[in-house]
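Trainee: I have a model open and would like to learn how to read its features with some care. Could we take them one at a time?

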Amino acid sequence: MSSGRSFYITTPIFYVNDAPHIGHAYTEAATDVMSRWHRQAGDDTWSLTGTDEHGEKILRTAVANGVTPKQWADRLVAEAWKPLLETLDIANDDFIRTTDEHHERNVQAFLQKLYDDGHIYAGEYEGYYCVGCEEYKQSSELLDGTGEYAGQLVCAIHSKPVELLRERNYFFRMSAFADRLLALYDDRPDFVQPDSARNEIVQFVKQGLNDLSISRSSFDWGVKVPWDETHVVYVWFDALLNYATAVGLSDDPEEFARRWPATHVVGKDILRFHSVIWPAMLMAAGLEVPKQVFAHGWLLVGGEKMSKSKLTGIAPREITDTFGSDAFRYYFLRAIAFGQDGSFSWEDLHARYHAELANGFGNLASRVIAMVGRYEDGVLPAAGESTEAEEAIQRIVADATTTADAAIDRLAVHEAIGAVWTIVDALNGYITEQAPWVLAKDEAQRDRLRTVLYTATEGLRALAVLLSPVLTKSTPILWNAIGAQEALGDLREQPLRDAGRWGQLPSGATVSPLEPLFPRIDLATS
Ligand SMILES: [Zn+2]
């Protein structure tokens, strides 16, 4: 059912040394909702995630733990990162590790081409280096240390002292690409989004770009520079290439042409790497730049940013163990405008879980299904003549489908879910107004009752399809309960952009009892 439209989306690759927190989970969930949406809409979809495993810090912690860096990374991938994907029910198509042989080999091929074409030269560099960032810092990015670091310069992100390093390194002539980058931002205003992030990047590049040191010789845990094996490739240069090596760069030109360019979802802290360094690298290699780089906001917990450097981390399982993965995915993607900062609190999660998932959606499904059971012995009746009330529902379902799809195209996941939720609200209002329990008492209203029950159940059919990219666990249960599995086949096979077409669920479908999709949760005991 491929539409031929290619959609390739990536998360940043996880830095293996990190502990998974809800910030990582947020990026994963958002990317997963968008890729599931496109996949079910019939687009030729590919979603990639993975791990970043090279660099000095990983070497140091591996040594400290008495294992090789590869063994260390293997352990963290198996014990932390792959389980995170399971916790969130992520349906990624691929998981790349920067220690994968095909990745390392193609990083070398890419680098060799840039070297042969004169984009790389040997030079001497002295600068302040933050090991936490794995990056040389500009003086504007440093602060005077306080407390135990008084008298030293510290990284503005890590609040830890930077080291003055002098290295004979290989440099990428990034400065040569400033004008082309500015022209790119100008020609394609949606290349970097949202606008606030774009403006920051444009200002940064307008100040001029330095050449980029792309090798290190003080340690050896990384991809070897092919023409000088005393150097390893700078971790960011290596890591960014994952997006291309994962889809066949050099190895499989057909696959690469099919997938590339990608939409990159990143956190604001790594936007510069993705929207300046990465497109410059691609330009130097004569490759197409990404389709888009989208920076989402910070999650704030008690007013503090969740990030890899300030570990106020909440483990995603703390949330999913109580509320489930559906609630996690729904809450973060509905409550926070994608692209803006958002605050997390247990109270807000708990309140929205009950108001929106348990009472709004879950209860709607339970009531409708129970009434078909009670009044029609669990057989979906045919609808009689439609009134304005039914026509309004049909229109809302059609409009919500179109609006949500357009929102996903703009990566406005929160707007897409909001659009679908207009159906939940409309159906709840419809049932209250039509009061089927009153109609059921009057044999003369039998046709009317059947019309109302059909309309409500067919509305649930559309909801199950439209919410399946978000509520991955509960929607198949609902799908089965309304008899759609038997009548229409697998939920994931239902073309998503067609979800608003009315009348797909046939009368006569078997409607079976449904346990609460979102049981009430007492926060005090959780
Ligand atoms: Zn730093």
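Mentor: Let us begin with contact, which means heavy atoms within 4.5 Å. This is a predicted model, in which local features need pLDDT of at least 70 and side-chain atom pairs count only at pLDDT 80 or more, while totals for chains, interfaces and linings use all residues. Residues are numbered from 1 along each chain as its sequence is written, and side-chain values use heavy atoms, with hydrogens and water left out.

Trainee: Which residues does L478 touch, then?

Mentor: Not counting residues up to four places away in sequence, L478 touches F361, A365, I369, L460, A464, L514 and L517. A nonpolar core is a set of buried Ala, Val, Leu, Ile, Met, Phe, Trp, Tyr and Cys residues joined through side-chain atoms within 4.5 Å, where buried means under 20% relative accessible area, exposed over 50% and partly exposed in between, with a 1.4 Å probe and protein chains only. L478 is among the residues with the most contacts inside the largest such core, which has 109 residues. Apart from it lies another core, of 65 residues, including F177 and Y185.

Trainee: Which residues are the protein donors of the zinc ion?

Mentor: Donors are N, O and S atoms within 2.8 Å of the metal (3.2 Å for Na, K and Ca), and sites may look incomplete, as water is not among the atoms. Here they are C130 (SG), C133 (SG), C155 (SG) and H158 (ND1), at 2.1 to 2.3 Å from the zinc ion. Four donors count as tetrahedral if all angles lie between 85 and 135 degrees; the arrangement here is tetrahedral because the four donor atoms subtend angles of 99 to 114°. Both C130 and H158 are buried.

Trainee: Is A509 buried or exposed?

Mentor: A509 counts as buried because its relative accessibility is 5%.

Methods. Tetrahedral: all angles 85-135°; square planar, octahedral: opposite > 155°, others 65-115°.
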